[in-house]
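Try each task before reading its solution.

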Amino acid sequence: MDFNTDRFINDLNWRYATKMFDSTKKLAQKDWLVLEESLRLSPSSYGLQPWKFLVVQNKDLRAKLKEVSWNQSQVVDCSHYVVFTTLKKVTKENVDEFIADIAKQRGATVESLQGYRNAIIGDIVEGPRSEVAQAWAQRQSYIAMGNLMNAAAQMRIDTCPLEGLDPSAYDKILNLENTEYATVAAVAVGYRHVDDKYKDIKKVRFAKDRVIQFIN
Ligand SMILES: Cc1cc2nc3c(=O)[nH]c(=O)nc-3n(C[C@H](O)[C@H](O)[C@H](O)COP(=O)(O)O)c2cc1C
C-alpha cells in the first residue's frame, strides 16, 4: 500500500475543517444531490435512521444561527448548511414506521418482521437503553456526519463540522421545540476561501502506533 498515491488517503489529507468559506461559491446541484445521498445512505443501529438533516438556506435564519454558534462565519458563508437533528426519544411509532418501510421496500409482510420490531422495542423503546435513547440517536448522527465530510472531500468540496453551537438555541430558532427532534451539531459545506490560512497548516494526528493497537 502506498499512502502517497492512494486516492482515499489523499482525499482525507486534502480535507480540513474549513474556517473561512468563499461565500461567492455555491455547490452545483448535481454535487449537492450526491452529498444528500451520502447522508441518506448512512448506516445506523438497527437501520432505524433516528435523524433528520435540516439544510438551512434561509439567510435570516443563518444569521440567527451564527449568533448562537460562537459567531463562526462558516454558518453564513458556506454554500449549504446542514443541521443534524435526532430523535429525543424512540417511540413505538418510530419503530413501526421503520418496520412498515422495510416491508414495503423488501416486499415482506409486517407480520414477518414482528420479531425484529419487538427486539428493537425491547431495547431502545422500553428496555434499559430507552433512558439513553437520545444519546444513542445522537451517536448515530455522527456516522452520517463523517460520511458527508468524506464524500465531500472525494469531490473536492470543503466542509467544517460544528459542535461549537448552542443546541437548545438552535431548537428555538428552527422551531424544533415541539417536534420529536433536537439539534446535535452541524456541518457547513462549500468551498474554501483563498485567504483561509488553515488550508495550508500541517494536519496534526497522533502516530499510528499511538491510536491503533492490535490485540492478537
Ligand atoms: C464533532 C466535531 C465538532 C467540531 N466543531 C468545530 C467547530 O465548532 N468549529 C470549528 O472551527 N471546528 C470544529 N471542529 C473541527 C476540529 O477542530 C478539526 O476537525 C480537528 O482540529 C482536526 O483538524 P482537521 O479536521 O482540519 O483535520 C469539529 C470537529 C468535529 C469532529
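**Exercise 1: the ligand shell**

Tyr-16, Ala-17, Lys-19, Gln-72, Cys-160, Pro-161, Leu-162, Glu-163, Gly-164, Ala-185 and Lys-203 surround the ligand. A residue is near a molecule if its C-beta atom, placed from the backbone, lies within 6 Å of it. Residues are numbered from 1 along each chain as its sequence is written. The model is predicted: local features need pLDDT of at least 70, side-chain atom pairs count only at pLDDT 80 or more, and totals for chains, interfaces and linings use all residues.

Task: Which strand gives the most to the shell around the ligand? Then divide the shell by class.

Solution. 
1. Strand β3 (residues 158-162) gives the most, with 3 residues. Strands are DSSP runs of E, at least two residues, and helices are runs of H or I, at least four, numbered from the N terminus.
2. The shell has 6 nonpolar, 2 polar and 3 charged residues. Ala, Val, Leu, Ile, Met, Phe, Trp, Tyr, Cys and Pro count as nonpolar, Asp, Glu, Lys and Arg as charged, and the others, Gly among them, as polar.

**Exercise 2: two loop residues**

Task: Where does Asn-71 lie? Is Asn-71 buried or exposed?

Solution. 
1. Asn-71 lies in the loop between α3 (59-67) and α4 (74-77). Its phi is positive, about 60°, although Asn-71 is not a glycine.
2. Asn-71 has 10 other C-beta atoms within 10 Å, so it is exposed (12 or fewer; buried is 20 or more, partly exposed in between; C-beta atoms are placed from the backbone).
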